[in-house]
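Hello! I am passing a structure on to you, together with some notes on its strands. Please open it and follow along as you read.

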Amino acid sequence: MSDSPVIDEITPDELYQDIRRGRPPFILDVRNEDEFANWAIDGLPPSSLLNIPYFVFLEDEAGCLEKVPRGRDVTVVCAKGGSSAFVASILTRHGIRARNLQGGMIAWGDLHMTTRVASPPESSLTLFQINRVGKRCLSYVILSDGEALAIDPARYLDWYTSLAQAQQARLTRVIDTHLHADHLSGGPGLTRALGIPYHICLDDAAGAQFPYHSLEDGAHVALGSSVVEIIALHTPGHTPGSTSLLVNERYLLTGDTLFVNSIGRPDLGDKAEEWAQLLYRTLFDRIARLPDDVLILPAHYSDVTEIRQDGIVATTLWEARQRNPVFERRTETQFLEYVLSRLPAQPPIYHEIRRANLGRIVLDAEHAIAAELGPNQCAAALSPKA
Ligand SMILES: [Fe+2]
């Protein structure tokens, strides 16, 4: 009979809920230091997060055990959930309450949480925000009259088809607000699987190896019996084809143009200054002229503090004017200087992801996972206002 302890497991979903409820476990991450530095579970106080690489643990088990707190629930994390299970078994053997994160960081990167965005009772639509927690990517499904529209879907198509099905609706079209660089789009995949039209602005999609409909400025996007008004607004700057969607004059799905605390970086096409000028005009000639109560729903966030009490990442335009440093009073020259001096290094993989999102290369499953590891780096690194 084996005397190895039974290892408890925690799913990514359960871990996320514990963090959201303010009951985070102590996380022991046993991946290598560079992997940990690139991407770790966030939303935890620094005192709840420790990196001890697996091989260090094996070499000096006693020394490493001393660093793990007693009397706390410990969740052990690695890339896929294998070596962390082994370390969790060592901890358990030494009387520490340890659980293994099922599927490791890869499963954490695949976790999608769906939250309904509140709308008035008389509203003609239902809107869901889908939060891909590990990558801090946000996508949306709008439903009306039995039809559903997916916006900026991730490549895990089941999330979108199941959501539509659960709402007794069918997906009838899919939109990408721009050519994504940080993750693989599910747009072309949904089009192939369901035979529905895929919309993206020609300025971003030129050279795409699949059929698409260009999303033109001012275009009305049909959904259901058309009581929902969805208007495409060309909002270039993060990319030349970036397009926001104004829904019922109430919600603005901004893609990577405007975030809660920042803006989309304008340097991914190696034309940083030119695109930053576009961004300036987009922000101040287009978005800033919308009413204060428009709810900004972005495609990314940078930090879990951006998730509101109701579980969604959003801000009214009024709040953004007060809180987002990008709206501080600046001339165009000052704006360019401000943004261009705050651009983080561009992950080299982004070039490949863009090519994959145009259908110019195909990544197999293993490459797709590797390409998407880590949080998005789509925002300019602006310091949030206190
Ligand atoms: Fe982007």
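In β9, S144 has E147 as its bridge partner. Please keep in mind that this is a predicted model.

Let's stay with that pair of strands for a moment. β8 and β9 (residues 147-151) run antiparallel and are paired over five bridges. Two residues lie between them in a hairpin, and D145 in the turn has a positive phi of about 55°.

Now look at the other partner. Strand β7 (residues 126-132) is joined to β8 by seven bridges, again in the antiparallel sense. Opposite T126 you will find L143 of β8. The hairpin of β7 and β8 has four residues between the strands, and there R136 takes a positive phi near 60°.

Is β8 buried or exposed? Eight of the eight residues in this strand (residues 137-144) are buried, so β8 is largely enclosed by the rest of the structure. In a regular strand, side chains alternate between the two faces of the sheet. In β8, C137, S139, V141 and L143 point one way, while L138, Y140, I142 and S144 point the other way, and all are buried.

β13 runs antiparallel to β14 (residues 230-234), and two bridges join them.

Enjoy exploring!

Technical notes: Residues numbered from 1 in each chain as written. Predicted model: local features only at pLDDT ≥ 70, side-chain atom pairs only at ≥ 80, totals over all residues. Heavy atoms only, no water. Buried < 20%, exposed > 50% of the residue type's maximum accessible area, 1.4 Å probe, protein only. Pairing = 2+ DSSP bridges.
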